[in-house]
Amino acid sequence: MDDDTLALLEQLIARASVTPQDAGCLELIGARLAAAGFALERMDSGPDDFRVSNLWAVRRGAQADAPVLVFAGHTDVVPTGDLARWTSDPFVPTVRDGRLYGRGAADMKTSLAAMVVAAEAFVAAHPAHRGSVAFLLTSDEEGPARDGTVVCVERLRARGERLDYCIVGEPTSVERLGDTVKNGRRGSLSGKLRVIGIQGHVAYPQLARNPVHQAAPALAELAVTEWDGGNAYFPPTTFQISNIAAGTGVGNVIPGELAVDFNFRFSTESTPETLRQRVHALLERHGLDYTLDWSLSGEPFLTPVGALSAAIGAAIEAETGVKTELSTTGGTSDGRFIAKLCPQVVEFGPLNASIHKIDEYVPLDQIAPLTRIYRRTLENLLL
Ligand SMILES: [Zn+2]
């Protein structure tokens, strides 16, 4: 079982699946799952020039109302960046210094290989397992993520598919395998603000209206506002200005406009609606003439402590001795889509120190334990 994961991982890394390409990864994984008794269904989606490969695979348990556990993940990887800076070819899996190097080694082909081998071992050892095991895999998580998991979840929901537990294989471990499991993610809400003034000569301010002067107190207030206090799972919501621009470049012109980009990372104590309303109320109170375009790139999700977090925590401790910590930090992931259909979603995978970097790697000694943790989690929940 242990060498199996490494062998499958090497085959996956050798498939150069730069987003949204799948490069045959799902075919390889699908063949393995079919041989283990899974029913496969491709849910490919998207226009011809941006075709996304999606796979839903399920092996029904002996008891129809027993839980359904889904392994979720993505086969696509981010681009390599400058090839000359890689120590070895990113699509030739290479072992050195106790690590396996290759694009996708950490994010997230090790998890995919470990999930497949764990499922194979689980069904071989327990052919009459009570609950069901499923896989929901896509080749577009690193890109726009419009035709990937979100589309599959919508289809599964439309036909009344029930999901109880989901493990997303994102690399979550920080220093040691198992030290961190994500049980939620913050939401992300961005705004593009334009404050409109009247351009003029700096010597005649009475004939102009300076948008920088007008906006400054409002921006200062936005920067120090407490949006919420967070909760047991989330830190307080944060507001950050990322870009600001005004002025013509010369010293004697009052600018006619000020542009500000900002972003909220928000907890489940705030909603996009309440944040929008509060920003508009503040800008109006400051008497600004402005336009503001919003974009919501991710709703937050949260899985409170429960059966899934307990099962994976126990599996991690049994295999590694590590007491895991639940965390909701980091960017967004496909967990946000699955959480709309599945009440318990966590993310767990290997060390994330090298994700998206040159010389991405996974420590060799994390590969087999990861497989055993996934397998033990299946046993904790589905027997
Ligand atoms: Zn990932």
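**Annotated sites and domain arrangement**

In UniProt, an unreviewed entry gives the feature "active site" at Asp76 and Glu141. What I show here is a predicted model, and in this model the two positions cluster in space: the largest C-alpha distance is 6.9 Å, although they are spread over 66 residues of sequence. Of these residues, Glu141 is included in the lining of the largest cavity.

The unreviewed UniProt entry also carries the annotation "binding site", which covers His74, Asp107 and Glu170. Which of them belong to the lining of the largest cavity? His74 and Glu170 do.

Let me turn to the domains. The domain assignment divides the protein chain into domain 1, made of 1–185 and 300–382, and domain 2, which runs over 187–298. Taken over C-alpha atoms, the centres of domain 1 and domain 2 are 39 Å apart.

How much area is buried between domain 1 and domain 2? The value is about 820 Å², and carbon and sulfur atoms give 68% of it. On the side of domain 1, the residues that lose the most area to domain 2 are Pro300, Leu302 and Thr328; together they account for 55% of what that side buries. The residues of domain 1 that touch domain 2 comprise five nonpolar, four polar and two charged.

In terms of contacts, eleven residues of domain 1 meet eleven residues of domain 2. How many residue pairs are in polar contact between domain 1 and domain 2, counting pairs with both residues at pLDDT 80 or more? There are three. Across this interface, zero salt bridges are found between domain 1 and domain 2.

Thank you for your attention.

Note on methods
Residues are numbered from 1 along each chain as its sequence is written. This is a predicted model: local features need pLDDT of at least 70, side-chain atom pairs count only at pLDDT 80 or more; totals for chains, interfaces and linings use all residues. Side-chain values use heavy atoms; hydrogens and water are left out. Domain bounds come from an automatic or database domain assignment. Contact means heavy atoms within 4.5 Å. Buried area is the accessible area (1.4 Å probe) that two parts lose on being put together, summed over both. A salt bridge is a side-chain nitrogen of Lys or Arg within 4 Å of a carboxyl oxygen of Asp or Glu. A polar contact is a pair of N or O atoms within 3.5 Å; within protein, one must be able to donate a hydrogen and the other to accept it, and residues adjacent in sequence count only if both atoms are side-chain atoms. Ala, Val, Leu, Ile, Met, Phe, Trp, Tyr, Cys and Pro count as nonpolar, Asp, Glu, Lys and Arg as charged, and the others, Gly among them, as polar. UniProt positions are given in the numbering used here, feature names are shortened, and annotations may be inferred rather than shown by experiment. On a 1 Å grid over the protein atoms alone, a cavity is a set of points where a 1.4 Å probe fits but cannot get out, and a pocket is an open set with protein on both sides within 12 Å along at least five of seven lines; lining residues have an atom within 4 Å of a point.
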